Amino acid sequence: MGEPARELAEVIELRCDAGKLLAKVLRSGEQPQFVKPDNLIELACPDCKTRRRHAGQRVQRVLHRYSILGELIETLVVEGD
Ligand SMILES: [Zn+2]
């Protein structure tokens with residue numbers, strides 16, 4: 001059994017706090033380096049926008065921010081019509 005050990009690729013799922021899958025990041029090889037503390041991935045979430053609008057909020061966009069490790073760090077609500 002001479003299978004060479006392969007670098008394991010890791011799929012990081014970026015999920016909304018409501019559970020919706022927004023993106024997948026395929027990571028392989030070395031650990032990611034943080035170039036600055038707020039090196040985040042930002043994704044707009046249509047589900048959260050719709051939910052907030054149904055609740056009567058004036059919302060233009062809801063943005064979820066993730067770390068490169070897939071942790072939801074913060075949620076930004078951009079108000080407007
Ligand atoms: Zn969301």
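Biologist: What pattern does the chain follow when it is read along the sequence?

Modeller: In this predicted model, the chain follows the pattern β-β-β-α-β-β along the sequence, with 1 helix and 5 strands in the chain.

Biologist: What makes strand 1 and strand 2 a pair?

Modeller: Strand 1 (residues 10-15) and strand 2 (residues 21-27) are joined by 6 bridges in the antiparallel sense, and a pair needs at least two bridges, so the two strands count as paired. Within this pairing, E10 stands opposite R27 in strand 2. The two strands form a hairpin with 5 residues between them, and G19 in the turn has a positive phi of about 105 degrees.

Biologist: Which strands make up the open sheet, and in what order?

Modeller: The open sheet has 3 strands in the order 3-4-5, with antiparallel pairing. Its edge strands are strand 3 (41-44) and strand 5 (72-79).

Biologist: Why are strand 3 and strand 5 called edge strands?

Modeller: Each of them pairs on one side only. As for the geometry of this sheet, its neighbouring strands are turned by 25 degrees against each other on average, direction ignored.

Biologist: What joins strand 4 to strand 5?

Modeller: There are 7 bridges between strand 4 and strand 5, which run antiparallel, and H64 stands opposite T75 in strand 5. These two strands also form a hairpin with 5 residues between them, where G70 in the turn has a positive phi of about 90 degrees.

Biologist: Where does R65 lie, and why is this residue called partly exposed?

Modeller: R65 is found in strand 4. It has 16 other C-beta atoms within 10 Å, whereas a buried residue needs 20 or more and an exposed one has 12 or fewer, so the value for R65 falls in between and the residue is partly exposed.

Biologist: Which residues does R65 touch, leaving aside those up to four places away in sequence?

Modeller: R65 touches L40, I41, E42, I73, E74 and L76. For E42, the C-alpha to C-alpha separation from R65 is 4.4 Å, although the two are 23 residues apart in sequence.

Biologist: What makes D81 an exposed residue, and where in the chain is it found?

Modeller: D81 is found in the segment after strand 5. It has 6 other C-beta atoms within 10 Å, and the limit for exposed is 12 or fewer, so D81 is exposed.

Biologist: How many of the residues in the chain are buried, as a percentage?

Modeller: Buried residues make up 6% of the 81 residues in the chain, and to be counted among them a residue must have 20 or more other C-beta atoms within 10 Å of its own.

Biologist: What share of the contacts with a separation of 6 or more comes from residues 24 or more positions apart?

Modeller: Residues 24 or more positions apart account for 31% of those contacts in the chain.

Conventions. Residues are numbered from 1 along each chain as its sequence is written. This is a predicted model: local features need pLDDT of at least 70, side-chain atom pairs count only at pLDDT 80 or more; totals for chains, interfaces and linings use all residues. Helices (H or I, at least four residues) and strands (E, at least two) are DSSP runs, numbered from the N terminus. Axes are lines fitted to C-alpha atoms, for helices over the stretch in contact, and angles run from 0 to 180 degrees between N-to-C directions. Two residues are in contact if their C-beta atoms, placed from the backbone, lie within 7 Å.
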